[in-house]
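Thanks for coming. I will go through one model today, and I will give the cut-offs as I go.

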Amino acid sequence: MSRQSAASKDLSSCHLCLKLAPSDVHHCPRCGSSMHVRKPNTLPRTLALLSTACVLYIPANIYPIMITDQLGSSLESTILGGVVLLVQMDSLPIAAIIFIASVMVPLGKISMMFYLCWTMHKGRAATPKQLTVAYRITELIGKWSMIDVFVVTILVALVNLGQILVIRPGIAAVSFALLVIVTMIAAESFDPRVFWDQQEEQDD
Amino acid sequence: MCSPKYNDDWLACPSCDQLYDLSEMQHGEKAYCSHCNAALTTSRTDIFSRVQAFSLSSIILMIMSCSFPFLAFKASGLESVMTLPQAVQRLHDEGMTDLALLVGCFILLIPAVLLVLSFAVSLSLGCGWRNHWAKDCAKIIFHLKTWSMVEVFFIGVLVSYVKIVHMATVVIGISFWAYAIFTITFTMTISNLDRYQTWKRLEELER
């Protein structure tokens with residue numbers, strides 16, 4: 001099937017309700033949201049949010065995410081420290097889940113989004129399909145990195161035995177939650193349709 | 001307003017802008033974009049009764065999972081019991097009010113708002129009531145949709161269970177099971193609430 005984009009027919013599609021309207025309309029005739037042919041300032045916005053995520057990544061990894069107070073002694077563990085501890089305790093499947101969710105997913109997501117931005121900036125998207133699928137996967141896995149924050153929430157609420165054993169949340173949990181939120185907004189402000197426009201320009 | 005050819009049976013793929021005519025879709029059919037494989041919409045005649053059923057059962061299960069013990073932890077003759085609202089409360093008590101707010105929104109507030117509004121919208125669309133609030137509700141639903149983390153939280157629960165089960169006795173409460181089923185019914189509610197079909201029906205009712 002040949003390409004026939006809405007933009008080429010002077011139509012824009014509402015991001016919220018998918019209504020098609022002439023591209024000179026500023027507000028969706030169906031739901032009233034503001035309408036754009038393409039998401040406005042997609043590259044600068046995404047890059048700004050990604051830089052914020054990189055900054056948040058530092059406190060999220062150097063400060064403790066969880067503090068265990070056991071019989072007077074206190075043990076602070078960072079995200080990576082927690083994974084190492086789990087490996088030493090031989091719970092490899094859990095170590096793998098935590099490692100994938102809180103180390104690989106955020107890092108992979110940030111670097112993938114930077115790569116997509118770079119390709120879009122160069123303006124010669126040769127394979128818009130692969131890039132769009134890559135974008136969609138990045139968008140989909142983003143929120144799964146919150147697992148570690150939820151694990152801390154549950155352990156803090158559950159392990160609370162007065163003097164004997166208490167688990168407290170560390171400051172890294174907040175930075176990490178913010179990191180996930182910022183990368184989710186970054187993914188939302190990125191517009192993969194620009195790749196397809198760039199390919200069409202090359203074909204013309 | 002719209003050009004006569006591209007009426008409401010047409011849809012542009014949100015990831016690549018390709019135009020599609022969906023007027024000949026049959027019940028039960030799923031539309032995928034032929035250029036980028038994005039899932040576009042699922043045509044179902046019973047979409048609103050499905051959403052009604054799933055959202056109502058989710059609401060009941062959510063109330064259940066908030067009102068009974070979720071997990072309990074026993075060691076050296078001491079016991080601590082946790083319920084879902086308490087988990088958020090504990091973060092606040094530890095001085096992490098910001099984190100408590102975020103977690104509370106992701107696992108309790110946003111899912112609750114989504115469910116109540118989905119039930120209201122699907123009821124109003126299923127019965128064909130004309131009203132002025134259904135559109136505003138639908139706007140909130142589709143804005144909040146990406147921000148609920150019920151399924152992520154459930155995996156978090158399983159991970160924490162395995163993490164501490166060797167440290168002491170961990171008792172699984174009624175709420176845990178309610179929440180496990182809630183994760184399924186909640187996901188079904190959200191995945192059945194098709195963006196294109198919902199908005200098309202909302203506009204049809206206005207005519």
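**Backbone, domains and the chain contact**

I start with D10(A), which is exposed, having 12 other C-beta atoms within 10 Å. On that scale, a residue with 20 or more other C-beta atoms within 10 Å of its own is buried, one with 12 or fewer is exposed, and anything in between is partly exposed, with C-beta atoms placed from the backbone. The model is predicted, so local features need pLDDT of at least 70 and side-chain atom pairs count only at pLDDT 80 or more, while totals for chains, interfaces and linings use all residues. Residues are numbered from 1 along each chain as its sequence is written, and chains are lettered from A and ligands numbered from 1 in the order in which they are written.

D10(A) is not a glycine, yet its phi is positive, about 60°. It sits in the segment before β1 (11–13) of chain A. Helices here are DSSP runs of H or I with at least four residues, strands are runs of E with at least two, and both are numbered from the N terminus. N41(A), also not a glycine, has a positive phi near 50°. Its place is the loop between β2 (20–22) and α1 (42–62) of chain A, and with 13 other C-beta atoms within 10 Å it is partly exposed.

Next, the domains, whose bounds come from an automatic or database domain assignment. Chain A is divided into domain 1 (1–37) and domain 2 (41–203), with 32 Å between their centres, taken over C-alpha atoms. For chain B the assignment gives domain 1 (1–43) and domain 2 (47–206), and there the centres are 30 Å apart. In chain B, 4 residues of domain 1 are in contact with 5 residues of domain 2, where contact means C-beta atoms, placed from the backbone, within 7 Å.

Now the two chains together: how many residues of chain B are in contact with chain A? There are 52, and they meet 54 residues of chain A. α5(B) gives the most to the chain B side, with 10 residues. By class, that side holds 33 nonpolar, 10 polar and 9 charged residues. Nonpolar covers Ala, Val, Leu, Ile, Met, Phe, Trp, Tyr, Cys and Pro; charged covers Asp, Glu, Lys and Arg; the others, Gly among them, are polar.

Helix α5 of chain B runs over residues 150–164, 15 residues in all, and spans 21 Å from first C-alpha to last, close to the 21 Å expected. The expected span is 1.5 Å times one less than the number of residues. Its buried residues include F153(B), F154(B) and V157(B). The buried residues pack against elements of both chains, among them α3 (92–122) of chain A and α6 (174–192) of chain B.

The largest nonpolar core has 122 residues, and L99(B) and V103(B) are among those with the most contacts inside it. Such a core is a set of buried Ala, Val, Leu, Ile, Met, Phe, Trp, Tyr and Cys residues joined through C-beta atoms within 7 Å. V103(B) touches V149(A), T153(A), V88(B) and L91(B), leaving out residues up to four places away in sequence.

Last, β5(B) and β6(B) run antiparallel and are joined by 5 bridges; strands pair if DSSP finds at least two bridges between them. The two form a hairpin with 2 residues between them, and S76(B) in the turn has a positive phi of about 45°.
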